Amino acid sequence: MIKAILIFNNHGKPRLSKFYEHYTEDTEQQIIRETFHLVSKRDENVCNFLEGGLLIGGSDNKLIYRHYATLYFVFCVDSSESELGILDLIQVFVETLDKCFENVCELDLIFHMDKVHNILAEMVMGGMVLETNMSEIITQAEAQSKMEKSEAGIAGAPARAVSAVKNMNLPEMPKNINIGDISIKVPNLPSFK
Amino acid sequence: MPAVSKGDGMRGLAVFISDIRNCKSKEAEIKRINKELANIRSKFKGDKALDGYSKKKYVCKLLFIFLLGHDIDFGHMEAVNLLSSNKYTEKQIGYLFISVLVNSNSELIRLINNAIKNDLSSRNPTFMCLALHCIANVGSREMAEAFAGEIPRILVAGDTMDSVKQSAALCLLRLYKTSPDLVLMGEWTSRVVHLLNDQHMGVVTAAISLITCLSQKNPDEFKTCVSLAVSRLSRIVSSASTDLQDYTYYFVPAPWLSCKLLRLLQCYPPPEDGAVKGRLVECLETILNKAQEPPKSKKVQHSNAKNAILFEAISLIIHYDSEPNLLVRACNQLGQFLQHRETNLRYLALESMCTLASSEFSHEAVKTHIETVINALKTERDVSVRQRAADLLYAMCDRSNAKQIVAEMLSYLETADYSIREEMVLKVAILAEKYAVDYSWYVDTILNLIRIAGDYVSEEVWYRVIQIVINRDDVQGYAAKTVFEALQAPACHENMVKVGGYILGEFGNLIAGDPRSSPLVQFNLLHSKFHLCSVPTRALLLSAYIKFINLFPETKSTIQEVLRSDSQIRNSDVELQQRAVEYLKLSSIASTDVLATVLEEMPPFPERESSILAKLKKKKGPGAVSVNELEEGKREGGELNGGGGERGGDNSTIAASNASTPSPSADLLGLRTGPQVSAAPPSAGSLLVDVFSEAGVNDDGFLSSAPPSAVSEDAAPPLPESNELLNKFVCKNNGVLFENQLLQIGIKSEYRQNLGRMYLFYGNKTSVQFVTFTTTVSCPGELQSQLNVQAKPVEPLIEGGAQVQQVINIECLGDFCEAPLLNIKFRYGGALQNLSLKLPVTINKFFQPTEMASHDFFQRWKQLSQPQQEAQKIFKASHAMDTEVIKAKLLGLGMALLENVDPNPENFVCAGVIQTKAQQVGSLLRLEPNAQAQMYRLTLRSSKDTVSKRLCELLAEQF
């Protein structure tokens with residue numbers, strides 16, 4: 001089961017937190033801080049798994065994370081999940097965000113929190129994986145946007161607002177999370193005798 | 001007009017967020033947020049009906065504020081109202097707010113349930129999915145009661161849309177996890193299993209999580225899923241990737257589902273049906289074969305997905321543990337991964353190999369990788385990976401390679417990360433004990449362990465080496481010689497001194513023949529360490545000295561002189577002084593015979609489970625050390641101790657045997673492993689018994705720090721307002737602690753010295769009886785060693801309108817900061833009520849007022865002038881600044897309110913002593929009101945910094 005999904009930036013500012021078990025608000029914040037502390041001190045190119053912090057259940061839980069440009073995506077899971085599977089799931093999540101927001105960046109997560117939550121809800125529900133197929137997720141997300149637009153009446157307004165946001169004078173931030181081609185070459189394995 | 005306002009609205013959100021992001025300080029941020037909260041509150045409260053767009057905007061703002069860690073205490077009603085809107089946008093944002101902000105014991109659940117009920121019956125798939133999501137995210141008992149019957153119907157109904165089925169499956173899983181008793185098995189269960197055959201892969205993906213969970217709990221009922229899972233897996237594994245279209249991820253067909261299918265199969269033993277089994281073995285072989293094929297893509301995602309399946313397949317092979325051929329192939333595959341350039345794969349390979357090492361078919365195959373694993377321990381950059389390597393070395397260790405592995409782990413310890421040292425030490429100690437063939441190697445290893453990582457060697461470890469030396473005649477001489485040599489080092493760890501003191505005191509005679517280690521040399525060596533040691537070690541050394549007098553009469557005068565010196569016989573520590581006096585007296589009046597009887601060699605320790613193994617188990621949590629291993633530990637331990645005696649006897653046997661030994665000094669050195677021993681009845685009549693009881697208290701310290709996680713397991717977390725409730729009782733002892741529609745809890749309490757008694761009155765405010773009414777009081781964390789709280793049992797049944805009483809006795813052992821938790825559970829009309837509160841026991845309750853004159857007060861004030869002894873707070877008055885009210889509160893605090901002390905008559909000064917069992921903490925207080933600014937300055941000074949801080953925190957909330 002997935003216990004929590006956290007996204008925070010390189011400075012530890014939370015950008016999305018979704019807990020699938022109940023904690024008090026204080027504990028949730030402490031978990032975010034603890035997790036940031038554990039994850040951020042790790043070098044690049046070490047492995048993507050580590051034992052969970054004490055607050056979220058210690059060594060029975062694993063933190064599985066990926067670091068994209070300014071953001072950390074961290075899934076806290078128990079032993080019933082496949083580590084590599086979750087790693088793929090993070091990738092699916094990020095690729096989906098990238099498609100929905102067209103080159104997703106940290107700002108998109110901040111200003112469209114509701115949308116990010118909705119996309120996540122199409123993938124994970126109550127801590128279990130609902131759907132892993134990216135095109136299915138995107139179809140659902142697009143259907144939602146369409147409904148929103150049709151209800152909003154004047155379709156132009158939200159778009160205008162978005163452009164207003166994007167043109168605002170905000171602290172510099174890489175435009176693109178760059179989910180990039182982390183193309184590590186897999187060597188040809190010696191054939192099995 | 002609407003267009004403009006909507007544009008502004010979104011801009012409003014954007015402006016707010018960028019305002020926050022531009023805030024230079026936390027204070028500025030809080031100020032901006034409070035302004036926004038006030039704005040939203042007034043908008044919600046306002047007469048004008050908000051349109052959907054503004055509601056959405058405000059809810060988004062609230063979510064953002066919540067994400068930053070600020071409490072949101074309003075807006076819930078607005079969110080609930082949004083649920084019943086017919087517009088998707090409004091409904092959706094309402095559900096979002098609720099799933100993020102509403103917790104399961106909210107009073108709003110009933111209203112939310114109504115909206116959910118409407119949406120579930122709406123036949124609109126989008127609305128149904130929103131409602132199902134909400135149930136799955138909140139997952140409360142009330143929701144389970146309302147919907148546990150309905151959801152299985154939606155799940156298996158023929159006309160349900162696929163997306164709704166997916167959501168219904170996971171929703172049902174959530175309810176089953178939170179309230180298994182409410183999800184009744186029925187006709188739907190057999191149909192759920194057949195969802196594994198569903199055409200829509202998304203439905204299978206969601207259903208398989210549900211089926212896995214149900215199978216774990218009721219394996220027999222769901223047995224049919226095995227053959228279905230095998231055939232589904234086989235279709236995925238054998239098909240060309242193009243067949244699965246969208247579920248192909250970087251050229252790997254349905255990796256997530258494959259993993260889940262393999263996990264499901266791990267709930268069952270190998271299939272009995274030959275055909276099914278054959279098909280499954282074929283699948284597993286195909287997966288292993290695919291790993292050897294050249295990759296279809298160079299992207300890391302491709303290899304990730306492929307290997308995710310491979311690792312699950314290997315787990316299944318290990319789980320079956322019946323196909324030697326597959327096991328060896330799995331082991332070879334993992335061996336390849338051990339040297340893979342991807343750190344993730346090395347990590348997972350080490351982890352999987354750990355489980356593989358326990359299989360008899362593959363244990364030998366795992367052992368062939370020992371060099372690689374040792375290398376990983378030495379060279380991996382990532383501590384997570386190194387830790388896995390250490391785990392694997394521990395798992396693959398047996399008699400044939402123990403010496404090599406222990407040596408490698410010892411040398412790794414010298415540079416190991418601090419975070420894993422303690423665990424490494426325990427593992428080395430266990431391996432050394434378990435696989436010791438000759439005991440000199442064992443003694444060497446443990447002494448090395450103390451030398452290299454003395455700080456991390458827990459008492460259990462050095463207790464254990466002494467037990468083994470005492471029980472084995474053949475190693476005693478060697479142990480004495482080795483420890484004597486180890487003590488020659490100019491700086492040696494205190495644990496080494498303890499072992500040295502004990503062993504030389506018992507067996508120093510075995511090496512006394514050598515003039516280089518003559519009795520006097522031994523004594524001088526030990527005594528040269530004496531002054532650098534802590535009190536418990538010194539006490540142990542004094543006992544060793546008296547044993548020396550018995551072993552070597554020629555040292556008597558030297559040792560008597562030491563005992564007689566002022567630094568011993570007048571030592572300020574009671575324990576040391578008592579020992580010096582008693583030992584001196586014993587040595588001068590007892591005849592040689594009596595002395596020999598009293599100080600005879602320790603009897604062998606009865607055999608029992610290795611205490612270090614128990615400690616490792618506790619450290620790793622139950623289940624981390626397999627039962628297998630435990631039994632093996634016992635068996636091997638028995639061998640090592642030349643045992644054969646009672647096995648696994650509990651700790652009380654040792655106490656009993658000690659008490660019944662003829663020698664009155666049986667417990668002379670207080671050697672024990674289980675802390676229970678200190679609670680054993682002392683063998684009365686001997687002046688020497690129980691001399692180590694002080695050390696016993698320290699033992700308990702470790703134990704008591706462990707259990708809090710267990711305590712909080714099923715009790716509800718404390719109510720958010722419980723801190724406020726606690727503050728209400730800082731300055732008073734009686735009143736109403738808590739009240740809701742059902743229950744009222746009143747409190748009366750009295751305190752004297754370090755003891756207190758509290759009467760709790762539980763009143764049933766309804767006309768229906770409460771049944772299975774239980775309360776538990778727990779002390780989380782450190783508090784366990786600081787406060788002793790005993791609650792008398794309470795009546796399990798409270799009639800409507802009746803009140804029952806509970807008595808709680810409290811003893812303050814040391815100063816403390818937290819409050820004990822009171823958890824109350826009862827059933828009211830079938831629904832379980834579960835609430836936790838903080839008991840208003842605060843440190844100031846144990847104040848004794850102290851009257852003193854102005855001169856004395858300021859003199860003491862000055863004495864407590866170290867910066868950490870003072871705590872100060874300046875804060876705004878939250879009540880009217882009425883002198884009489886302030887006085888009453890200060891008196892209620894428990895200190896003496898001193899008149900005519902402070903030169904400024906406006907100020908208040910108080911003095912008092914906090915009585916704890918361990919010590920008394922004097923505290924002085926000064927409160928300076930500033931009526932003009934409506935502010936106070938509060939200063940506390942006490943002999944203990946934690947006390948000043950805690951008192952200051954508590955009091956700042958009172959005025």
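## Chain contact and helix packing

In this predicted model, B:Lys260 forms a salt bridge with A:Glu81, and the closest N and O atoms of the pair are 3.1 Å apart. Between chain A and chain B the count is eight salt bridges. The contact between them draws 86 residues from chain A and 92 residues from chain B, and the two chains bury about 7,700 Å² between them, with 56% of it on carbon and sulfur atoms.

| Helix pair | Residues | Angle | Axis distance |
|---|---|---|---|
| α16(B) and α17(B) | 300-320 and 324-338 | about 140° | 10 Å |
| α20(B) and α22(B) | 370-379 and 402-413 | about 10° | 10 Å |

With angles over 145 degrees counting as roughly antiparallel, the angle of about 140° between α16(B) and α17(B) means that these helices are oblique to each other. The crossing in which α16(B) passes α17(B) is left-handed. On the α16(B) side the contact is made by B:Asn307, B:Leu310, B:Phe311, B:Ile314, B:Ile317 and B:Ile318, and on the α17(B) side by B:Leu326, B:Leu327, B:Ala330, B:Gln333, B:Leu334 and B:Phe337. By class, this contact of α16(B) with α17(B) has 10 nonpolar and two polar residues, and no charged ones.

Because angles under 35 degrees count as roughly parallel, the angle of about 10° between α20(B) and α22(B) makes these helices roughly parallel to each other. Their contact is made by B:Ile370, B:Glu371, B:Ile374, B:Leu377 and B:Lys378 of α20(B), together with B:Gln404, B:Ile405, B:Glu408 and B:Tyr412 of α22(B). The residues of the contact of α20(B) with α22(B) divide into five nonpolar, one polar and three charged.

Definitions and conventions: Residues are numbered from 1 along each chain as its sequence is written. Chains are lettered from A and ligands numbered from 1 in the order in which they are written. This is a predicted model: local features need pLDDT of at least 70, side-chain atom pairs count only at pLDDT 80 or more; totals for chains, interfaces and linings use all residues. Side-chain values use heavy atoms; hydrogens and water are left out. Axes are lines fitted to C-alpha atoms, for helices over the stretch in contact, and angles run from 0 to 180 degrees between N-to-C directions. Helices (H or I, at least four residues) and strands (E, at least two) are DSSP runs, numbered from the N terminus. Angles under 35 degrees count as roughly parallel, over 145 as roughly antiparallel, 65 to 115 as roughly perpendicular and the rest as oblique. A crossing is left-handed if the near helix is turned anticlockwise from the far one by less than a right angle, and right-handed if clockwise. Contact means heavy atoms within 4.5 Å. Ala, Val, Leu, Ile, Met, Phe, Trp, Tyr, Cys and Pro count as nonpolar, Asp, Glu, Lys and Arg as charged, and the others, Gly among them, as polar. Buried area is the accessible area (1.4 Å probe) that two parts lose on being put together, summed over both. A salt bridge is a side-chain nitrogen of Lys or Arg within 4 Å of a carboxyl oxygen of Asp or Glu.
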